[in-house]
Amino acid sequence: MPEPAHPAAAGVPRSEAPRPDAPCGRRFPEELLSGFLDGVLTQSDQQRVRLHLEDCPSCRAQVAELAGLREAALTTRFVLPADDQWDERPRTGWSRLARRTGFTLLVLWFLAVAAAGLWGLATGPASVLEKVMVLGGLAAAALLFASVLADRLRTLPGDRYRGVQK
Amino acid sequence: MTLTQAPIEPAAAAPGEAAAPRSDAELVLAARRGSAAAADELARRCRQPAYLLALQLLRDPDDALDVAQDALLRFFTHLDRVRPEDGVKPWLHAIVRNRSRDLLRRRRVRRIVRSLESDRPEDRIDPVDTAPGPHAGVERRELQERIWRALGELTEAQREILVLRDYQDLTYDEIATLLRIPLGTVMSRLHRARRALEERLAAAGEVPHA
């Protein structure tokens with residue numbers, strides 16, 4: 001049987017109105033079984049679960065089953081990578097800074113070249129090859145940007161994690 | 001492999017006495033002051049926990065190693081933001097979780113489908129006998145493999161909360177902080193995930209016996 005709730009867990013709010021969704025079909029908030037198993041219930045909820053379990057074999061069985069699953073998961077040992085599989089990468093953040101600076105400079109360079117190309121087309125005579133190079137490059141960049149944007153927008157409504165800080 | 005939480009100020013060792021292992025908080029402070037040895041020791045302590053969480057969330061050892069290494073890089077880049085009094089673990093968990101999530105999102109965007117063949121539990125779970133009795137170890141390992149397989153069939157949100165509670169043994173408080181959800185929601189979401197896991201096992205005819 002699980003340990004009693006510890007005081008730090010008293011912050012778990014009391015369950016709301018009972019719902020008839022317990023495995024036994026009685027009006028009992030089923031999630032309390034997990035709270036009971038994890039020892040995080042308030043004393044009154046804990047008592048409530050104890051009383052329920054006393055005369056409910058199906059909920060008792062479920063608590064035992066969940067306890068078995070938790071115990072098996074908790075004792076699972078995983079294959080770990082050997083020490084030599086870890087990169088000896090710099091931990092100073094220097095590489096990160098260099099990457100960001102490089103990327104920013106690349107974007108600035110692209111914008112400058114694009115602006116110069118467009119300015120050249122607008123103000124002076126240009127050969128067909130020059131026009132193809134400037135307009136083709138800009139069209140390719142615009143297409144790439146639009147495709148990435150479309151992917152982002154398509155996944156945005158279902159993306160529960162968009163607010164998560166990096 | 002456990003990340004310890006201990007007093008921030010190191011206790012002075014008596015002359016001739018071997019220096020006690022330093023706590024994570026002490027290592028963070030020393031690494032911030034520029035101690036390469038402290039940074040190395042901290043990196044050694046953080047590696048495996050970061051990898052384990054990434055593996056449990058992503059289920060792919062190569063991706064997990066990439067994420068863990070990237071997470072460590074970020075961890076040390078922003079070492080000045082770590083609050084030693086809160087311990088290293090929550091900060092590390094948050095970074096690994098966010099990096100794992102980014103990767104899962106990219107997989108979705110690019111519609112990368114993982115082959116089931118590449119997610120065989122026997123390739124992930126170390127056959128270490130942790131149970132008493134001659135047959136208990138084998139049975140337990142089989143159950144662990146079934147659970148791992150069933151875990152892969154759950155939704156990302158269900159798998160995440162199960163990993164955090166039942167594999168990583170985080171408290172409800174820690175899970176609530178990490179997932180930014182109320183404490184009560186942790187309990188209900190966790191229970192739904194446990195039930196879903198049970199149902200998957202039952203559907204496969206593999207109801208565990210406690």
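Colleague: Is A:G117 buried, exposed or partly exposed, and why?

Modeller: A residue is buried if 20 or more other C-beta atoms lie within 10 Å of its own, exposed if 12 or fewer, and partly exposed in between, with C-beta atoms placed from the backbone. A:G117 counts as partly exposed because 18 C-beta neighbours lie inside 10 Å. This is a predicted model: local features need pLDDT of at least 70, side-chain atom pairs count only at pLDDT 80 or more, and totals for chains, interfaces and linings use all residues. Residues are numbered from 1 along each chain as its sequence is written, while chains are lettered from A and ligands numbered from 1 in the order in which they are written.

Colleague: Where is A:G117 found?

Modeller: Helices (H or I, at least four residues) and strands (E, at least two) are DSSP runs, numbered from the N terminus. A:G117 is in helix α4 (residues 94–123) of chain A. Its C-alpha atom is separated by 5.8 Å from that of A:V134, 17 residues apart along the chain.

Colleague: How many helices and strands does chain A have?

Modeller: Chain A has 5 helices and 0 strands. Of its 166 residues, 17% count as buried.

Colleague: Which residues touch the most other members of the largest nonpolar core?

Modeller: Such a core is a set of buried Ala, Val, Leu, Ile, Met, Phe, Trp, Tyr and Cys residues joined through C-beta atoms within 7 Å. This one has 62 residues, and B:A50, B:A54, B:A68, B:A71, B:L92 and B:V96 touch the most other members. Helix α2 (residues 36–58) of chain B gives the largest share, 10 residues.
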